[in-house]
Amino acid sequence: MSAKPGPAPSSTDPTPSAAEKAFRAAAASPSFPALEEEVLAFWDEQQIYEKSLARRADAPTFVFFEGPPTANGMPHPGHCLTRAIKDVFPRYKTMRGYRCERKAGWDTHGLPVEVEVGKALGIHSKEEIEEYGVEPFIQKCQQSVWRYMQQWETLTRRLGFWVDLGEAYVTYRQSYVESVWWSLKNLFDRGLLYQGHKIVWWWAQGGTALSAGEVGQGYREVADPSVYVLFPLIAASDAAPKRSLVVWTTTPWTLPSNMYAAVKADLNYAVVEDGETGEQFVLAAALVETLAAKMKRELNVVETVSGASLVGRRYEPPFADYHDRLSDPQGALKSGGQEHWYWRVVAADFVTTDSGSGLVHLAPAFGEVDYEVFSEQRSRFAEGEAPDLLCAVGPDGKFTAEFPEMEGEWVKSADKALTRQLRDGGKLLYQEQYLHDYPFCWRADQDPLIQYPRESWFIRTTQFRDLMLKNNSQIGWQPEHIRDGRFGNFLDSNVDWALSRERYWGTPLPIWVCETTGRMEAVCSYDEVLAKPDVQGTEVWEEAKRANPELADDLCVHKPYIDAVTYASPFAEGARMKRVSEVIDCWYDSGAMPFAQWGWPHQNADQFAEQFPADFISEAIDQTRGWFYSQLAISTMLFGEGASIDVSDSAASGSAGAPSGSAGASTQLADRRSEQAYPHPYRNCIVLGLMLSQWFEATDEDGKKVVALTQEETAEHAGLSFTKKTGKMSKQLRNYRSPSEIFDRYGADAMRWYFFANQAPWNSIIYSDSAIRDSIPEFLLRLWNTFSFFTIYAEIDGFDPTTATDADDQLTPESLASAPTYRPASQRSEIDRWILSELNVAIGTITDRMDRLDNYNACAAITSLLDGLSNWYVRRSRDRFWAKDSQSADKHDAYWTLYEVLVQLTKLIAPFVPFLAERLWQELTRPFGDRVLASVHLCDYPASDETRVDTQLSTSMKVLREIASLGRAARADAKLKVRLPLAAVEVVLSEDTQIAWLQSHDSLVREELNVKSVAYTTDGGDYVQYSVVPNFKRLGPKVGKQIPAVKKLLGEADGNELLSQLQTTGTVSLSLPDGSTLELDSDDIEVRLQAREGWAAAQGASCVVVLNTEVTEELRREGIAKDLIRAIQSQRKEIGCEYTDQIEVGVVTEDADIRKAIECHREMICQETLARQLVMDGLPSVEAVEIENGELFVTRVND
RNA sequence: GGGCGUGUAGCUCAGUUGGUUAGAGCGCGUCGCUGAUAACGACGAGGUCCCAGAUUCGAGUUCUGGCACGCCCA
């Protein structure tokens, strides 16, 4: 890395020396990574980011929220994308005049941290953690949070993501925790927090619940018993035949805890009779045959009944223990009457006939859907009359005394014995093995997980479902389908938020419970607890701090210290208030960031009022149920309609540092809310797609997978055949390059541009070495070459933009106009006006797209502008830059035009590729020294100058470019290379609107096609066959069903005749088959041309270009001269001539054509090659080069 | 099993309110240029727009039903 900053205007020397003042030719192919490192150093040194914010100190805000990543994990390529997207819009908005603060943030709580620490300590169960000690464990967690901080900061900086890392919010900080506490207290006081059961995936051996993500990791295919069990129905009378429900399950160990059997109400059930035993069974009609086939028995249908008719029927439970102990309890229903608590048939929608018997065994303790049915059932009973949950299994996964015969047995190993018991009791109809995916603990992969009920705290989010939906409807989602699709559906099926976690490292639930009465209250800050009567236990923290003064003060609000704090109960004399033991879901932490990042409402009322809601956030799609939801839910509950925000209690509690603005916070926010009740907490959200990798994979002779990241790398493994793969990134396969390698090889701009310009951000994005590498020549290098071209000639000609004495510090086009050599665009040549028009059209498009958060199409507009600049403007203007007279008006026009476009383009690309833009800015503004802004990122984004847009010219130029392209195609077809001049081309157009313009500007075509003359005509009957087709868009609505007839008539008619009719009368009349007549004017039809056979011609959409293929002697000689020029030029380069060096040329040949060509075109040859002399002889001590039919000698002339 | 998304050239992707010759970049082929030159340019080949129905004068685009893949949830 260079120690020096980029070649910015030097601060030590305010007046640049003459040498510094001039442009200097730029390196042909720069090292982008090295360039970027220089720019980074420059930004740091000059504090450009800080300056960019300071310039907008009083500007309107554009609010950005950083979704906090966890610094506990290594940053990976996916983070590059989110961070790049999070960077480009704030940069853009800043240039557009907004103040966009970018407060970083870190998510620091939760199980992943505990797991990391556990790994390091070699422990993983909760027991082991308790044994180790919660206090040292928590301290280790706090330290572990910053494990990869260095890598994160490096990545963030290197990618060019401008964000205030120094001011980052951190979820474990006391102020953050207290904001979260405040919000929870608010919910608690409003009765929105409650305790209930939650069925979780439970790791019995470790005594802990697993998160969905963890469960997902541990699925693997296993064979479980699949049993069809008989539940004998309790018959209405003894006379009735014995009937049993056929119930299917793959978890026999849950049968002792059976509570119900479920049917689907609208399904048909068959009563079948076993041909051998005469027993009767009930199962889904659709599954009778399947089961009969399995059992190899005949099952005769006796009767068919509906599922609904089975509902309410009672049966004998498969194991009688509960039944024996509880007898058969009943309870009063809300609707009046009595109902049995257990062992009856209920209806449930999730029942299907896809597998099993169409009758489902419900053990609500061990299944989430089962539990929902149970809750439904409970709700039917009157207060105090509802059934209790049956659960014969302990948290250790072993049967309890509720199922005495197997007490202490691990449930999963009880399946066999249970099945045997069922068979012995005649209750097993059929048994087989069933292959399915079942989750195991990812930390102990021999331990199967079970679903198990746990006490949990919930937030009553369901109460806010409609408000959240209403809120969601106002969010600007990118892509839009998220709103009514994935996110909308998710909100639609909202269930109460299971908030608590029985873990250690998290925000403690701020609820204290009275040990005597069980009554509870919530607190909103540490100080509020301290202010309670007769507080005890604070010494635990104080001692810890004394013993280790390094301890982060924030830990005082964490376990185990906060757990030790108790106070006198206001509910019962002499009783103590103790905190509940749980911590909360860390998604709640992140969702609280809009206010918690400021410590609001305990402090920073102004910041919060100003920075809420966000104008823009972005994360990947996996956050729909994560951060997108947690933010929306929390904001809706706290700030939405009907919420009451009372921050006075926080002030009253004497919260340390409660700001003076705090009292006003409530009203301020309310005002803001009434202005814009919706949407919040974020107005716009870009949902990013998945990040995939692409690599080459082969299998070696040992059957091991070999991965190569590029085609080239595959060559290192001779003999293996590689296939290209696209898929998820895998640490084990190492099928992707680390971001830092990409930065070192190709640079951050290459990666950024690839992300921004190659696909809409919500598509899955492929992160591959080659894809990123390819964005260099496609865009970065092409732009650099164009810039380099400019500097080469600006240096030669001494172009000096500082002659614009009124130039402002951003070099706006208007201010450059003060230069004496600067002519208004209207006086410049066509091509200058054209590129300026294209520039201003592009500016309009780019700003329009970016304002709509559409980076993809903005980039497309930039690319096409660059294409026009590089492939047409510069190419067609080359000879203007080569022209001898360095002071001609035309040359000045060319310089001013190219300079302006480059300067504007540099600003346009600044948010996207900030490094290259910075370097270009510094190079382009070098002559101005420190009269201009030090960084392009301090500039305003260009505004489109409508007066420079000339749509007519754009259209005409498009036709012209098409003509040139067609001419080349025709030449290629006729095998007449471009260096050979031709006498004429004729261009046949379908309409005359462009002809006048084309005629007056045909030098471009003549040069481009190397022809002596161009003629334009609409009357090309000799070369062209005309045909006429309807203009469907216009005629469709007009004639409707007649369209096919019109098309047919026009197609059959002689096109040439129709055209002449149209030209003379202005209309064409058609007699339709239905007898009516249709008059068509020129807008109703479209004329198409087709080149006739036998001409060297090429056809496009609107014209045909016909070549005159006759090659005269004269033309042939000119062609030879041009060949010779090319040979001399090539030799100039070979002997190392500078652009301006003069040469002498000698040609030795016997070829009469060559001699003649030189004779005729001596002047042109000398001029083009800067030859002082051209002799028909060898040159002394100069080596000859072979040319066709002769030898060529070229030598530099020294002055 | 449910929800959502995707399916267009060898590859990666665009494709506006439905309008009749479906585009770009890369790759490939041919050629050109040789004073932007370890670049650059032009031209060309390459398509059952996943399948099947429906609506319509007209469907890559709208609707219905499938198929495949991906993600999320169960």
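Good morning. Taken over C-alpha atoms, the centres of domain 2 and domain 3 are separated by 79 Å. Please bear in mind that this is a predicted model. The domain assignment of chain A places domain 2 at 219–439 and domain 3 at 964–1108. Domain 1 consists of 32–43 + 778–962, and domain 4 covers 1113–1196.

Let me turn to helix H37, residues 951–974. At 1.5 Å a residue, its 24 residues should span 34 Å, and the 35 Å between its end C-alpha atoms agrees with that. At the start of H37, a side-chain oxygen of aspartate 950 comes to within 3.2 Å of the backbone nitrogen of glutamine 952. After the helix comes lysine 975, with a positive phi near 55 degrees. The buried residues of H37 include Leu953, Met957, Leu960 and Ile963, and also Arg971.

I now come to the aromatic residues. The structure contains 63 aromatic pairs. In one of them, the ring centres of phenylalanine 789 and phenylalanine 881 are 5.3 Å apart and the planes stand at 90 degrees, so this pair is edge-to-face. The two residues are 92 apart in the chain, phenylalanine 789 belonging to helix H31 and phenylalanine 881 to helix H34, so that distant parts of the chain are linked.

Elsewhere, lysine 103 lies over the face of tryptophan 598, 4.7 Å from the ring centre. Thank you.

Conventions:
Residues numbered from 1 in each chain as written. Chains lettered and ligands numbered in written order. Predicted model: local features only at pLDDT ≥ 70, side-chain atom pairs only at ≥ 80, totals over all residues. Heavy atoms only, no water. Helix = DSSP H or I, 4+ residues; strand = E, 2+ residues; numbered from the N terminus. Expected span 1.5 Å × (residues − 1). Buried < 20%, exposed > 50% of the residue type's maximum accessible area, 1.4 Å probe, protein only. Polar contact = N/O pair within 3.5 Å; in protein donor to acceptor, adjacent residues only side chain to side chain. Domains from an automatic or database assignment. Phe/Tyr/Trp six-rings, centres within 6.5 Å; stacked < 30°, edge-to-face > 60°. Lys NZ or Arg CZ within 6 Å of the ring centre and 35° of its normal.
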